[in-house]
Every structure is written in structure tokens, then in C-alpha cells.
Amino acid sequence: MTPEFWKRVEDAFDQAVKMDARARTNWLNSLAGQDATLAAQVLRLLSADSQDDERLHRPIQASLHALASDFDDPWLGRQLGAYRIIARIATGGMGAVFRAERTDAQYEQSVAIKLMGSHLIDADARARFRAERQILARMQHPYIARMFDGGELEDGGPYLVMEYVTGMPITEHCKARTLSVEQRLRLFQKVCAAVAYAHRNLIVHRDIKPGNILVDEQGDPKLLDFGIAKLLGDSPDNATVTVQRMTPDYASPEQITGQPITTVSDVYALGVLLYEMLSGQRPFQLQGLRPAEMEQLVCDTAPTRPSEAAATHARGLPRDLDAVVLKAMHRDPEQRYTSVQALSEDIHRHLNGLPVEARGQQWRYIASKFVRRHALAAGSAVLATLLAGAAMLYHNHSITSERDQARFEAERAQAVTAFLIDIFKQSNPDETDGATVTAREILDTGVQQLKQGLRDQPRIRAELHHSVGMVYSHLGQYDQALQQFAEVSALGATLNDHLLRARGLAGQGRVQFEQGQLAEAQSSHQQALQVQRAHQPGDSPQIAYVLNDLAETMFAQGDYAHADAYNREALDILERAPASSREYLSKTQHDLGVSLQIQGRFDEAEQYLRLALNNALDSFGERNSNTLAFMHALAAMLHERGHNKDAEELYLRVLVLEKDLLGEDYIDADATMTNLGRLYSDMEQFEQAEHFLRAAVAHVHRVRGPDHAYTAYDMINLANLLHQLERPQEAYDLAAHALEIYSRTVPDDHPYIASASLTYAGTLLDLGRPSLAEQAARRALDICEQALPEGHWLAASARSVLGEALFLQNQPKSAEPLLVEAYPILAQARPGDRATTNALKRLIRYYQQRGDSERAAHYLAELESGT
Amino acid sequence: MPDNDNITVLLRQWSGGNVKAGDTLMPLVYDELQRLARRAWSGENAGHTLQPTALVHEAFAQLVNAQVEWQDRAHFYALCARMMRRLLINHAESRRAAKRGGGVAPETLNDALPAADSAFDEMLSIDQALSRLAAFDQRKADLIELQYFAGLSFREMAEITGLSSSTLDRELRLARAWLKTALGAFE
């Protein structure tokens with residue numbers, strides 16, 4: 001409200017209240033004609049004027065009553081230094097917290113004063129306390145409550161004067177505002193920023209918990225009590241006091257066992273905090289346990305994954321977040337994130353749809369997340385369709401006769417049933433004192449029993465270990481899974497059952513692969529293979545399965561030659577194997593096709609991708625997610641080869657099936673639409689192209705929101721098309737918007753920004769703004785040089801645009817080498833592409849305008865031969 | 001109990017423009033209002049409805065020599081209004097903070113809270129709205145403070161502000177209307 005406007009409101013209001021109702025209405029109508037804002041404001045005031053004043057009067061009255069009826073507190077009104085105590089906020093075992101005000105200032109400044117009982121601190125500690133206080137007082141961060149001052153009472157009990165913070169504990173805030181998972185993550189990142197700041201100042205919090213993190217009305221967190229735990233607990237005999245006083249649910253194993261506390265102890269507590277923020281539960285309930293029990297629970301038990309523990313709001317919590325939380329709160333400090341910064345960055349990656357570090361180099365996973373978005377930079381969307389592995393069905397060939405087999409199966413069924421009944425008994429409330437038992441706890445109990453029971457049936461025990469290993473592996477609990485498979489191979493060795501041993505080894509290899517331990521995975525698979533070859537017929541499908549796993553491991557390491565050799569060997573076996581191994585046949589064909597495509601061996605690649613698809617269609621039909629993935633892979637391959645009609649047909653089919661099978665809101669449907677739009681663009685069916693690219697933008701906007709990197713990515717694809725259609729203004733608007741989204745969602749040097757900047761630069765050239773175009777092209781080039789291999793076509797494209805921008809600004813000498821270098825790289829890497837043609841046209845224009853008709857003619861001939 | 005003459009002197013100095021005198025006065029008035037409020041509840045006056053006006057007039061009687069100039073009286077009531085507002089806000093905020101944990105685990109909180117929560121929230125909203133009003137019309141905010149936090153009557157207000165009753169009426173009417181819109185029920 002400006003004073004000027006208020007003056008006009010006042011005049012109008014005074015005039016209006018003097019009128020009768022009718023005159024007032026007419027007058028207001030005519031006022032609305034001149035100044036609608038003013039009229040609306042006056043109307044609101046008149047309406048309020050006609051209401052009674054009870055709501056001004058009553059709360060003041062009621063508050064006065066409440067004040068008067070409050071009990072007397074001897075601390076209230078006491079003066080501590082420059083502060084007077086106004087109200088008691090809380091009382092606890094370690095002392096009390098008061099709200100106080102400065103008495104020597106005319107403005108109101110509230111502070112919180114924390115009094116610590118003198119019994120908690122000895123003379124030595126007091127000196128340290130003073131020194132430490134100085135350090136804490138220097139910390140200044142918007143999300144950290146400031147420490148202003150401190151002192152000592154007459155009895156020696158120290159007190160601290162801190163910023164007074166109002167707000168709700170962070171977990172309650174999440175609940176009260178029903179924040180989305182994304183909002184929770186962004187809030188959590190702010191907490192991380194505060195803790196990271198403190199760590200840079202060499203201060204460890206040591207007592208991070210929801211009650212120490214309040215969120216204000218604006219939704220910003222404030223961390224309280226930084227370093228206070230240390231002030232109180234530094235001397236050795238205080239160690240237990242510290243733990244007891246802390247909320248034990250948030251204490252790290254090293255804190256509980258009295259080991260040294262470092263910054264990664266805060267990482268642990270942040271992990272627990274994130275766990276609770278996401279799932280609504282705490283990973284361990286320690287309240288009321290004895291120290292030894294706490295130690296056992298925290299140090300020996302793996303917590304339930306947050307997505308399993310989650311309340312309804314977080315159903316479907318992504319596996320990524322499980323991985324992030326569990327890495328942060330790993331019981332071994334060395335396995336955690338090395339810093340709060342690293343934790344926060346991983347969350348950043350997740351928010352932007354990038355693979356998280358916590359899941360290691362899980363190749364399939366990275367491929368599935370990354371590659372379909374890299375179509376522009378990597379020139380291929382094929383890897384998108386790398387498959388989820390299929391569960392393996394082993395047949396136990398160590399049992400020779402059919403009768404033996406039948407008897408074994410019957411015994412196994414009995415043993416499994418007994419095992420299941422036994423472990424489910426644990427979840428009977430009568431036997432657990434009413435505590436809820438999760439599926440994972442049941443499983444853990446089962447494992448305990450497996451260790452002891454079934455001594456006389458080792459083979460069945462091995463089967464159970466194998467099954468449990470598979471379950472753990474599906475749950476993402478790889479350490480446990482690995483133990484189970486190790487048990488299987490050990491039993492195999494004891495029983496002299498070689499194939500059992502091989503199965504255990506193969507299981508270990510697959511888990512190691514999931515963990516990103518590629519060398520170990522390779523070695524396990526090779527051992528398994530060696531055992532199989534020595535003791536099994538050469539055409540056993542089991543050998544082929546291991547070969548395909550081994551190939552996958554080699555492919556992930558970039559060793560395409562070995563990967564292909566192993567897959568071909570596997571195919572030799574599988575092509576002659578019974579129908580039960582069909583799933584593996586098509587997967588192996590697909591894997592080989594993808595590898596060949598990456599190596600540019602398109603004929604063969606297409607052949608295998610087609611085989612994979614046909615086999616999948618035969619065995620599973622087209623309403624199957626594997627079949628769908630094979631279809632997408634083949635479509636991308638056909639597009640890359642220029643078989644556009646066929647690609648179109650397949651893409652359209654994929655689109656229909658995706659909608660059918662996975663629903664309208666299928667989160668990655670925009671990838672298919674964008675790929676199809678780009679295909680139409682190459683086919684010069686621009687109307688369709690625009691239709692699908694716009695549909696992709698609309699879809700991603702709907703399912704991922706306006707602030708997502710993929711939204712920007714799809715916008716850039718649309719911008720490229722519009723630019724090509726000579727609608728530079730629309731293209732410019734989209735590119736500018738996309739860049740703005742990227743600036744908030746991906747790191748500054750991300751390749752996405754390079755290609756977006758390049759689009760942006762291109763539109764600026766067309767809009768006659770070469771100096772701005774130059775800036776954008778330089779930015780694109782910088783990123784390309786840092787993030788992409790040398791000689792990448794995207795960098796060449798950036799050089800060409802930069803050359804043109806410089807030429808248009810009358811710097812022909814700088815422009816020429818850029819233009820000349822760019823073209824051959826593009827012609828080699830992207831023949832027939834629009835970027836290539838444009839680079840060539842720029843060269844021609846350059847030489848024409850420089851009057852070098854010879855060179856101009858040379859390039860002109862090239863252009864004509866190309867079209 | 002502070003010395004009445006001394007307070008009267010401070011009051012005179014303050015209304016004469018001595019800021020430091022005001023700083024000394026403020027905590028005295030604050031404490032006195034708090035003391036009177038507690039006393040009013042605890043004994044003698046139990047059963048009466050507790051009103052700001054009663055407290056403020058009693059504070060005046062306790063603290064100030066009745067013979068003061070009218071300007072000093074005006075200043076005193078303005079100060080009372082301000083201190084009463086601060087007293088109530090402080091109390092409301094601390095109770096609300098206590099309810100929310102205020103940075104300390106809830107189980108350590110020491111008492112059960114009465115059901116005045118919504119009144120506290122509304123009070124704090126009034127306080128915030130009043131601060132917003134003051135940002136563009138200090139005089140109206142001051143008048144509201146006198147009316148509601150010192151509980152002065154219309155005539156008393158006219159007397160100590162020196163405004164004509166028609167002006168005072170217009171100003172208060174608009175100020176109240178604006179506050180009510182700011183509190184949000186008339187959108």
C-alpha cells in the first residue's frame with residue numbers, strides 16, 4: 001500500500017460512508033469506471049465496516065485472561081546480562097529454555113536463552129565452553145539459528161543466548177503441509193546446506209533430529225543447538241551422558257558405541273532424518289532400550305527400506321531414494337557419503353532424473369535412466385531399452401533320474417512349507433508381544449533359523465539359501481543377498497555338488513553386478529562358467545545364462561568384443577534349447593544387437609534386434625513389457641538407419657501399447673513421443689512432428705511438472721523443429737524458457753545445457769542478434785569441451801554457429817577457422833543432418849561474401865552432391 | 001514499587017523528547033502491567049472481568065503523580081498501550097511456541113496448556129495486521145492501539161490525542177475496517 005493510494009482510499013471511503021445505500025452504489029459504479037482497483041478496495045472496506053468489531057476485541061480480551069491466569073515462575077522477569085526473561089519455553093533434564101528480550105534496545109529483539117544445570121559441567125569444561133562459544137558465535141547462515149552471547153550464572157551454570165526461532169519441527173511441518181516427496185527433498189537439501197556450512201567451519205552438530213530443526217512460515221528451516229552436544233559432552237566421562245541425553249533414535253553406531261565422532265556422524269543422522277521425512281517412520285525405535293540392546297539393534301540390523309516402511313503418502317517411493325537414505329545411514333562410516341555435500345548432490349541428481357551415486361554403477365539402471373534422454377547428444381535412443389534381467393530358472397541337473405528328481409522336489413516342497421510356516425509364526429501377535437513384524441523381519445528371522453536348522457538336509461538348505469538370496473536381491477539388500485549365495489556355493493563345495501556351487505557363484509556375480517562391482521562380477525561368472533564346463537554337457541542352457549550374464553558385465557565395462565563373443569556363444573546353445581529358455585534367447589539377441597549398433601555395425605545389429613522382437617512376440621505376445629522394450633529398440637535402430645517408414649510404424653505401435661499397458665500417465669511416454677516427433681521431422685512431415693513434440697511437452701509437463709529437466713529437454717526438441725520451420729521467435733521463447741529451467745535443475749556444465757544453448761544461439765542468429773548468439777555459442781562450446789569426448793559433433797556444431805556469429809559481427813578472421821573445422825566433423829558424424837547442412841551453408845555464404853568464389857563453388861558442389 | 005515522583009520526572013523528560021527516559025520507563029510499565037494482571041487474577045478482584053482499561057488506569061494510578069500535564073498523560077497511555085500489546089504478544093507467542101515444541105522435545109514441556117490457542121493465534125494476527133497498517137499510516141495504528149490495548153474510551157482518546165471527535169471517529173472507523181479486511185474474512 002503506497003501512502004498516495006491510501007490517501008485516495010481514505011478520501012473515497014470518507015465520502016462513501018456519508019452517502020445512503022443507493023447513492024453509494026451509483027457512486028461506486030462510476031468510480032469503478034475510472035479506477036477499478038480503488039473501487040474494489042473501497043468496497044471491501046465498506047463491507048468490513050458493516051461487520052461488528054468482535055474479532056478485534058475478543059482475542060485481546062481472551063489473551064489477557066490467559067496471561068493473568070498463568071502461574072508464577074521465579075525466572076520470569078529476571079535479568080541476565082542485557083536480557084530479561086519473558087517466558088519459559090521448556091524445561092528438561094539438561095536445563096531450561098526461556099524466551100527473553102534485550103532490555104537496552106528500543107526495538108524488540110527476542111532471543112532464546114538456554115540455561116544449563118551447573119551439575120552438568122565442571123571447571124575444565126567451563127573453560128572449553130567459553131572457547132567453543134566464540135567459535136559458535138561466528139557461524140552465520142540463514143538456516144542456522146545464531147548464537148549471540150553467553151555467560152555464567154552465580155552458581156557457575158552456563159547459559160547461552162541464541163536466536164529465538166518459531167516454527168514447527170521439520171517432520172511435523174512435512175505432515176501439516178502435506179508436502180510432496182519433491183518438496184520434502186528440497187527442504188531437506190536446505191538442511192544439508194546448513195550442516196555443510198557448519199562442517200566447513202569444522203563444527204559437527206552431533207544431535208540432528210526433527211526437534212532441532214524448525215521450519216518457519218516461509219518454509220525455511222532453522223537448525224538449533226549447533227555444537228551444543230559437544231559443549232556438554234566433550235570430556236570422556238560425559239560420553240554416556242551425551243548419548244542418554246540425545247534422542248537415541250538419531251544416534252549413529254559410533255555415537256552409541258563411544259567411537260570418535262566426525263562429520264559423517266552428522267551424515268548418518270541426516271540419513272535418519274530423511275528416512276523419517278520420507279516414510280513417516282524412524283528406522284529404529286530405541287526409546288526405552290538398554291545401551292547394549294541399542295548397540296545390537298543399530299549396529300547389527302539393517303533398517304527396513306524407507307519405501308517399505310512408508311506410510312500411505314509415500315507409497316511408491318522410488319528405489320533411488322531408498323538407496324540414498326540407506327547409504328547415508330550405513331552402519332559403517334566409510335560406506336556412507338563422504339560429506340553432507342555429496343549426500344545433497346545425490347538428491348539433486350535424483351530430482352533431475354539423473355542416476356544417483358548411491359546405486360553405484362548399476363549399468364542396466366544407468367542405461368535405462370540416461371540413454372533415452374541422450375538421443376541428441378549420443379545420437380541414439382536405443383540403449384533406452386536395455387532390459388531388466390529376467391529371473392532365472394535353474395534346473396538342478398545334479399539329480400539324474402526322474403524318480404530322484406520327483407522325490408527331491410517333494411522333499412523340497414515340504415521343507416519350504418515348514419520353513420515358511422515357522423517364520424510366519426514369528427509374526428503372530430501372541431509371539432511378538434503385539435509388535436508389528438515386517439516382511440523383511442520375517443525374512444531375517446528365517447535366515448537365522450536357516451543357519452541352525454535343516455542340518456540333515458543340506459541340499460534343501462541350499463535351495464532355501466538360494467531362494468532367500470533371490471528375495472534379498474529383489475529387495476535391493478545386496479550384502480545379505482551376497483551372503484546367501486556364498487552359502488550356496490560353500491554348501492556346493494562341501495557336498496561336492498559342482499553345479500550347486502556354480503549356481504551360488506552365478507548368484508554372487510549377478511549381485512556384484514547390481515552393486516557396480518564389475519571386476520568381481522566378471523570373476524564370479526568366470527568361475528561359475530569354469531565349474532559348469534568341467535561338469536556339465538556343453539549345450540546346457542544354464543551355461544548360456546551365465547554366458548549372457550558375463551557378456552553383460554563385459555559390455556558394462558566397454559569391452560564389446562568379449563561381450564559379443566560370449567553372447568554369440570550363448571546364442572549357439574539357446575537356439576537349440578527347449579522353449580523354456582525363450583526369454584533368455586530374446587534377451588541375448590537384443591543385448592547383442594544393442595552392442596553391435598553402438599559399434600556402428602547396423603546390418604547385423606538390425607538383424608539381431610529383429611530376431612529378439614520376433615522371438616518375444618512368439619513367446620509372450622506384444623502386450624508384454626519386454627516385447628515393448630524390444631520394439632522401441634528396433635524402432636530407434638530403424639530411424640538411425642533411415643528406414644523411416646518402418647520406424648514410424650513401430651513407434652506408433654509402441655505408443656499405443658504403452659498407453660494400453662502402462663496407462664495414460666506412464667512417466668516416460670514423452671520419450672516415445674519425442675523420438676517419434678524427431679522421426680517425423682526427419683521425414684519432413686512437419687505437422688505431425690510438431691504435433692508429437694508438443695504432445696511430449698504437454699505430457700512431461702503434466703507428469704513431471706514445469707520445473708523438471710526433462711520438461712526443458714522436450715521443449716528444446718520442439719524449439720529445434722520450430723527453428724527449422726523458420727519460426728525463430730517461437731523457438732527463441734522456448735529455448736530461453738528451457739535454459740531457465742535447466743539453470744535451476746541441472747549442473748551448469750551439463751551437456752543438456754550445451755545443446756539448449758546451441759539451439760538458443762541459432763535462434764538468436766535468425767533474430768539478428770549475433771553478439772548474444774556469440775555468448776550462447778561460446779557457453780555451449782565450453783561445456784562440450786569439458787563434458788564430451790574430443791571431436792564430438794556437438795562441439796563442431798557449436799563452432800559453426802560461433803563462426804557465423806563472429807562473421808556477422810565483422811570478425812571474418814576469427815570466424816573462418818571455426819567454420820572450416822566444424823564442417824568435416826559434422827559431415828563425418830552426422831551426414832544428412834540439418835546441423836551439417838547448416839554448417840555447409842554457412843561456409844558457402846562466408847566465401848561468397850568474402851568474394852572467394854573458388855572456395856564457395858567447391859562447397860556449393862558438395863551441397864548439391866549431398867542433396 | 002518504583003518511585004512515583006521519579007516516574008513522573010521520567011515521563012516529563014520523555015514527552016519532552018528524551019528517548020533514554022522512554023527506554024527506562026518501558027520495562028517499568030511492562031512489569032507493572034504484568035504484576036497488576038497477575039494480581040488481578042490471583043486474589044482481590046477475582047470474579048471481575050479483566051479489562052485492559054482497568055489495568056491501564058490502575059497502572060496510571062500506581063505509577064504516576066495525578067497532577068501531570070495532559071501531554072505527559074497522553075504519552076503515558078500511549079506507552080501503556082504499547083507495553084500491553086507487547087506483554088500480550090510475548091505471552092501468546094511463548095505459549096504457542098511451547099505448544100509447538102519451541103526447539104525442545106515435547107516430552108520435556110512442563111505443563112498442560114489451556115484452550116486459548118485460537119485466541120493467541122488471532123491476537124498474533126491482529127498484531128501483525130497492526131504492524132502492516134503502521135507501515136503506511138502510523139497515526140491510525142496508534143489510535144487502534146489506544147482503543148484496544150489500553151482500552152481507552154472514545155472521550156478519553158479525544159482528550160489525550162486532541163483530535164476532534166469527528167476526525168477521531170473517521171480515522172478509527174477506517175482503521176478498524178482495514179484491519180478486518182487484513183484479517184481476511186471479507187474477501
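Predicted model: local features only at pLDDT ≥ 70, side-chain atom pairs only at ≥ 80, totals over all residues.
Student: Which residues touch the most other members of the largest nonpolar core?
Tutor: A nonpolar core is a set of buried Ala, Val, Leu, Ile, Met, Phe, Trp, Tyr and Cys residues joined through C-beta atoms within 7 Å, where buried means that 20 or more other C-beta atoms, placed from the backbone, lie within 10 Å of a residue's own, exposed means 12 or fewer, and partly exposed falls in between. In soluble globular proteins, nonpolar side chains tend to be buried together. Here the largest core has 94 residues, and those touching the most other members are A:Ala738, A:Ala761 and A:Ala777.

Student: How many residues are in the second, separate core?
Tutor: This core stands apart from the largest one, and its members include A:Ala87, A:Leu136, A:Val264 and A:Ala328. Its residue count is 72.

Student: What is the count of buried residues in helix α2 of chain A?
Tutor: Helix α2 covers residues 21–34 of chain A and reaches 20 Å from its first C-alpha to its last, close to the 20 Å expected. It is hardly covered, for among its 14 residues the buried count is zero.

Student: Is A:Asp266 buried or exposed?
Tutor: A:Asp266 lies in helix α11 (residues 263–279) of chain A and, leaving aside its neighbours within four places in sequence, is in contact with A:Val195, A:Val204, A:His205, A:Ile208 and A:Val340. Because 27 other C-beta atoms lie within 10 Å, A:Asp266 is buried.

Student: What is the phi of A:Arg206, which is not a glycine?
Tutor: A:Arg206 sits in the loop between α7 and β8 of chain A and is buried, with 24 other C-beta atoms within 10 Å. Its C-alpha atom is separated by 6.1 Å from that of A:Asp266, although the two are 60 residues apart along the chain. The phi of A:Arg206 is positive, at about 75°.

Student: Is A:Asn810 buried or exposed?
Tutor: A:Asn810 belongs to the loop between α36 (793–808) and α37 (812–829) of chain A, and its phi, near 65°, is a positive value in a residue other than glycine. With 9 other C-beta atoms within 10 Å, A:Asn810 is exposed.

Student: Which strands stand at the edges of the open sheet of three strands in chain A?
Tutor: Two strands pair if DSSP finds at least two bridges between them, and the sheet has the order β7-β8-β9 with antiparallel pairing. Each edge strand has a single partner, so one side of each is left without a neighbour in the sheet; the edge strands are β7 (168–169) and β9 (221–223).

Student: What angle does the direction of helix α7 make with that of β9(A)?
Tutor: Helix α7 (residues 181–200) packs on the sheet, touching β8 and β9 of chain A. With axes as lines fitted to C-alpha atoms, for helices over the stretch in contact, and angles running from 0 to 180 degrees between N-to-C directions, the angle is about 35°.

Student: Which residue in the turn between β5(A) and β6(A) has a positive phi?
Tutor: Strands β5 (residues 147–152) and β6 (residues 158–163) of chain A pair in the antiparallel sense over five bridges. They form a hairpin with five residues between them, and the turn residue whose phi is positive, at about 90°, is A:Gly156.

Notes:
Residues numbered from 1 in each chain as written. Chains lettered and ligands numbered in written order. Helix = DSSP H or I, 4+ residues; strand = E, 2+ residues; numbered from the N terminus. Contact = placed C-beta atoms within 7 Å. Expected span 1.5 Å × (residues − 1).
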